[in-house]
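Here is a short report for a reader who is new to this structure. Please keep the sequence and the model in view while reading.

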Amino acid sequence: MQKLSLNQSLQQRLSPQQIQFIKLLQIPSAELEQRIEEELEINPALEEGMDMDERVKDEYDDDYDGDSDHDDYNEYSEYETYEGLDVKQYLNQDDYAGYKMQGDGWGDDDRDAMPVIATSTLAESLVQQLGFLRLDYRQEAIGMQLIGSIEEDGYIRRPLRSICNDLAFTQNIYTNEEEVVGLLKKVQTFEPAGIGARDLRECLLLQLDRKDQDDLAVETAIKIIDCFFDEFTKKHYEKIQRRLDIDDDGIKSAIKVITRLNPKPGNIGSGDSTAAYLMADFIVTNNNGKLDVILNSKNAPELRVSRSFAEMLDTYDKTDKNGSAQHKSIKETVTFVKQKLDAAKWFIDAIKQRQQTLLKTMKSIVEFQHEFFLDGDESKLRPMILKDIANRIEMDISTVSRVANSKSVQADFGIYPLKYFFSEGIATDSGEDASSREVKNILKELIENEPKNSPLSDDKLEKMLNKRGYNIARRTVAKYREQLNIPVARLRKQL
């Protein structure tokens, strides 16, 4: 006997517009211009241009509010009749407003105080980034040795065993390849992406790891470089295609991602000195105690929907009403034009939403860490987690995470990665929270001052931290010690 049952479930599915926004949100400002140029190339309805009448733009926006026809890019290909298309909202675009990314660029009044780009040698930039890791003397020495081993094109070709020997002979620091690899992995997280790689394959993978892992083309590119690097270098694309079971478009998209990577990440300047251009995503300035936040998208062009492309609909609409014999061809053309206009509108809106979200998030971070941004005193940093900012701006934690990832802020006293300001909170006996960064500093201090012939175990370190008022478990002590690249007590013992 057959039984019929009905199950109801709720599933959240991201629209193409939401996916586009998420991808744009993850892009650092230094890469935004390239992304916009890509969109300009593929969409003739999108063009660079100055702002026009905002009133007409508002009318255009109103036509989209609550319109279910704009829920999916592919919906328009499903139209069967030309009459189903509402052309009027695309007509009379003479004064259609362009979109200037407000809050992004520098006006004439700002140019004299434009601390957008910090120029230094690549080595100086890497040393500055090394300072953000808050390493102890030993780890910093290893990190400096690794930075000194980076060649002009950004690679480390010197064997790690030789680097260990250099440290022993020149600085009396005895280490092993495992410890050096741990520091190397930290250096490889620095800008520019791919720095510190030991070969081309590792260089490309380091860059791919920073891209959107949800992008199918990126995922395929990682598989190609990771598993079929030899075939890739020999351009055996058909073999790769068969092994990965992907179609022509899939392999082309992945190869396009790979060929846009930088095979020589150290060569980002010219002349005898390598110039590392660190473009911060945000600028924070202290104007007599008032902190101003600016979103740095100085090189991003202004965008608008093409007036001439919008007028095409008007032309084809009149042609169809005059009884053209090519009615089917007109319908197909109108559908195509409308899709491109929609895509242009959505891209402009996604850029605008990106800028607003970035600014909103950064302003909240500055408010939370107000005392630090006044003078750069690191002791004034408050414990802050992603949830703190997400609650303040009433957005999802994943949104804050995407903003914080691969973004940086320039203050009067230096450039900082946004991830630097986020840390775990540790409860204290006084009922307040202490930053995990603060606890790690104390942990390093305890280990640096321990008896060399009788190093402190994690249990003893836990008790010492508890006595100082930090409610921390032994497993957390072990986790922090490992994050600081400090070996266990028995390996720290010196006879």
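## Loops, sheet and helix pairs

Asp-245 sits in the loop between helix 11 (237–244) and helix 12 (248–259). Helices (H or I, at least four residues) and strands (E, at least two) are DSSP runs, numbered from the N terminus. This is a predicted model, where local features need pLDDT of at least 70, side-chain atom pairs count only at pLDDT 80 or more, and totals for chains, interfaces and linings use all residues. Residues are numbered from 1 along each chain as its sequence is written, and side-chain values use heavy atoms, with hydrogens and water left out.

Is Asp-245 buried or exposed? At 68% relative accessibility, Asp-245 counts as exposed. Buried means under 20% relative accessible area, exposed over 50%, and partly exposed in between (1.4 Å probe, protein chains only). Asp-245 also has a positive phi of about 55 degrees, although it is not a glycine. Most residues other than glycine have a negative phi, and most peptide bonds are trans.

**The whole protein**

The protein has 21 helices and 10 strands. Of its 495 residues, 45% are buried. The protein exposes about 27,400 Å², and carbon and sulfur atoms supply 46% of that area. Accessible areas come from the Shrake-Rupley method with a 1.4 Å probe; for residues, only the protein chains shown count as cover. Among contacts with a separation of 6 or more, 69% join residues 24 or more positions apart. Contact means heavy atoms within 4.5 Å.

Four strands form an open sheet in the order 5-4-7-8, with mixed pairing. Strand 5 (290–295) and strand 8 (414–417) stand at the edges with a single partner strand each, so one side of each has no neighbour in the sheet. Neighbouring strands of this sheet are turned by 25 degrees against each other on average, direction ignored. Two strands pair if DSSP finds at least two bridges between them. Strands of a sheet pair through backbone hydrogen bonds, either parallel or antiparallel.

Start at strand 5. Strand 4 (282–287) and strand 5 pair in the antiparallel sense over six bridges. Asn-286 stands opposite Leu-291 in strand 5. Which residue takes a positive phi in the hairpin of strand 4 and strand 5? Asn-288 does, at near 55 degrees, and the hairpin has two residues between the strands. Asn-288 is not a glycine. Asn-288 is exposed, with a relative accessible area of 85%.

Next comes the parallel pair. Two bridges join strand 4 to strand 7. Here Ile-283 stands opposite Gln-410 in strand 7.

Strand 7 (residues 408–411) and strand 8 run antiparallel, joined by four bridges. Gln-410 stands opposite Ile-415 in strand 8. Ala-411 has Gly-414 as its bridge partner in strand 8. A hairpin through two residues joins strand 7 to strand 8.

**Two helix pairs**

The table sets out both pairs. Axes are lines fitted to C-alpha atoms, for helices over the stretch in contact, and angles run from 0 to 180 degrees between N-to-C directions.

| Helices | Angle | Axes |
|---|---|---|
| Helix 8 (residues 200–208) and helix 9 (residues 216–227) | about 160 degrees | 10 Å apart |
| Helix 18 (residues 436–448) and helix 19 (residues 458–467) | roughly 120 degrees | within 11 Å |

Helix 8 and helix 9 are therefore roughly antiparallel to each other. Helix 18 and helix 19 are therefore oblique. Angles under 35 degrees count as roughly parallel, over 145 as roughly antiparallel, 65 to 115 as roughly perpendicular, and the rest as oblique.

Helix 8 passes helix 9 in a left-handed crossing. Helix 18 passes helix 19 in a right-handed one. A crossing is left-handed if the near helix is turned anticlockwise from the far one by less than a right angle, and right-handed if clockwise.

Which residues of helix 8 meet helix 9? They are Arg-201, Leu-204, Leu-205 and Leu-208, which meet Val-218, Ala-221, Ile-222, Ile-225 and Asp-226. In helix 18, Val-439, Ile-442, Leu-443, Leu-446 and Ile-447 meet Leu-461, Met-464 and Leu-465 in helix 19.

**A cis bond**

Pro-192 lies in the loop between helix 7 (177–187) and helix 8. A cis peptide bond joins Glu-191 and Pro-192, with omega about 0 degrees. Pro-192 is buried, with a relative accessible area of 15%. The C-alpha atoms of Pro-192 and Gly-154 are separated by 8.9 Å, and the two residues are 38 residues apart along the chain.
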